[in-house]
Amino acid sequence: MSSDIHALSGAYAVDALDPAERAEFERHLATCDACRAEVDSLREASGMIAETVAVPPPPALRDRVLADIATMRPLAPVTARRRRTTRRRLPALLAAAAAVVLVAVGGLVWHPWSHPGSGQEQVTLADRIVHAPDAQRVRTRLKDGTVVTAYRSAALDRAAITAHGMAPPPRGRVYELWLQDAAGAMRPAGLMSSAPTSAVVLDGAAAHARGVGITVEPPGGSPTPTTAPIALLAFS
Amino acid sequence: MTRDEPAPVGVPHAGTPTGAPDLAGLLVRAARGDESAFAQLYDATAARAYGLALRVVRNPAQAEEITQESYLDIWRQASRYDAGRGSALSWMLTIVHRRAVDRVRAAEAETRRETAYEERNRPVSHDTTAEAAHASLDAHRVRTALAGLTPIQREAVELAYLGGYTHTEVASMLDLPVGTAKTRIRDGLIRLRDVMDVGGAR
């Protein structure tokens, strides 16, 4: 485990990572027991702070909550072993047309913390977007076969992407995500310096976005796209 | 999870006032569809959940929505709670906190940036309303523990957890070099954890 990523445990425990870092750290968590234990323990600590800001909610809220649950069945426990995210299968998509090769995000929607038998799954923002009742889904296939899927929940006001197939960004470059706003402008929505294995949440409000784009940009990203998008997905 | 017994020894029940119901046990019953257990769970935790949401989003209507959605999540996901990983309260508050943070980041209105920053930078006078409403011994213990952090650690932790800011934003607000705030947050939480004696090595 790199000590660098390990240092994100505290910020992750209090939800203080940006979406790209969160996705990256969750990928790390899936393989690092030490970090998982540390995050759990730091959440115990941060949860204590809620004690200092407690305020009784309006009584009507209790009625609404209890009315809600009366109409919904709790999820069944996780009993059977479930498959881990499929490992990358495409080791060799390489550089040839580097700019055309795309992002790789483990496409399976998967709670990165889950271990077979652990019984606990943390719901990530990405999961919530992907599974939102109002989620819209659009898909495209790149030249190399990578399938990119964009999800948008207007209710959550956020979008996320996944992609099947794997390729890191070209050497010395990063992938930049974009949300096209209602006026047609491309707004930066996050960077991916590596090929994440889980869904990636885009930065920024997405309820009115027209679509999602991905470009290859210099390190640190660009305020506006400097290369032609390698993927462009329009929400209907 | 079909465990009937109380959570195993060594599992922290941090933040649970003395004599309070066994939250983990209530959660287990809720997972089986026991609505009255869930109502008790709500009664025992709602002030913390709502207060946390309110502190992060600063808007009572939104805080109510977040609380309502969070409890629905908690009900649905109750079977996923794993006592081996931490207390029921921590699990529940994690759900509330993430929802609250997602909400403010989604809104991300410039106005919030400005006004909230000012509010948050008033001398820490711990919400007097909250204090009056919930002057519990636990709150006092936590404040004492927070007071034991270095000022930078405490501010970084509070801006991140109660302010809902990212570590990068926290660094900028506290004039720290980028990349330093995450370390302060982590160090502060570790110290808080150790002083409060919660969530130790399992």
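The model is predicted: local features need pLDDT of at least 70, side-chain atom pairs count only at pLDDT 80 or more, and totals for chains, interfaces and linings use all residues. Residues are numbered from 1 along each chain as its sequence is written, and chains are lettered from A in the order in which they are written.

**Where the chains touch**
- In chain B, 78 residues are in contact with 56 residues of chain A (contact: C-beta atoms, placed from the backbone, within 7 Å).
- Helix H2 (residues 35-57) of chain B gives the most to this side of chain B, with twelve residues (helices are DSSP runs of H or I, at least four residues; strands are runs of E, at least two; both are numbered from the N terminus).

**Two helices that cross**
- Two packed helices are described by the angle and the distance between their axes.
- The axes of helix H5 (residues 59-70) of chain A and H2(B) come within 11 Å and cross at roughly 145° (axes are lines fitted to C-alpha atoms over the stretch in contact; angles run from 0 to 180 degrees between N-to-C directions).
- From H5(A), Arg62(A), Val65(A), Leu66(A), Ile69(A) and Ala70(A) meet Glu35(B), Phe38(B), Ala39(B), Tyr42(B) and Ala46(B) of H2(B).

**A strand pair in chain A**
- Strands S1 (residues 136-141) and S2 (residues 147-153) of chain A run antiparallel, joined by six bridges (strands pair if DSSP finds at least two bridges between them).
- Val138(A) stands opposite Ala150(A) in S2(A).
- Five residues lie between the strands of this hairpin, where Gly145(A) takes a positive phi near 95°.

Note on methods:
Contact = placed C-beta atoms within 7 Å. Buried ≥ 20, exposed ≤ 12 C-beta atoms within 10 Å, placed from the backbone.
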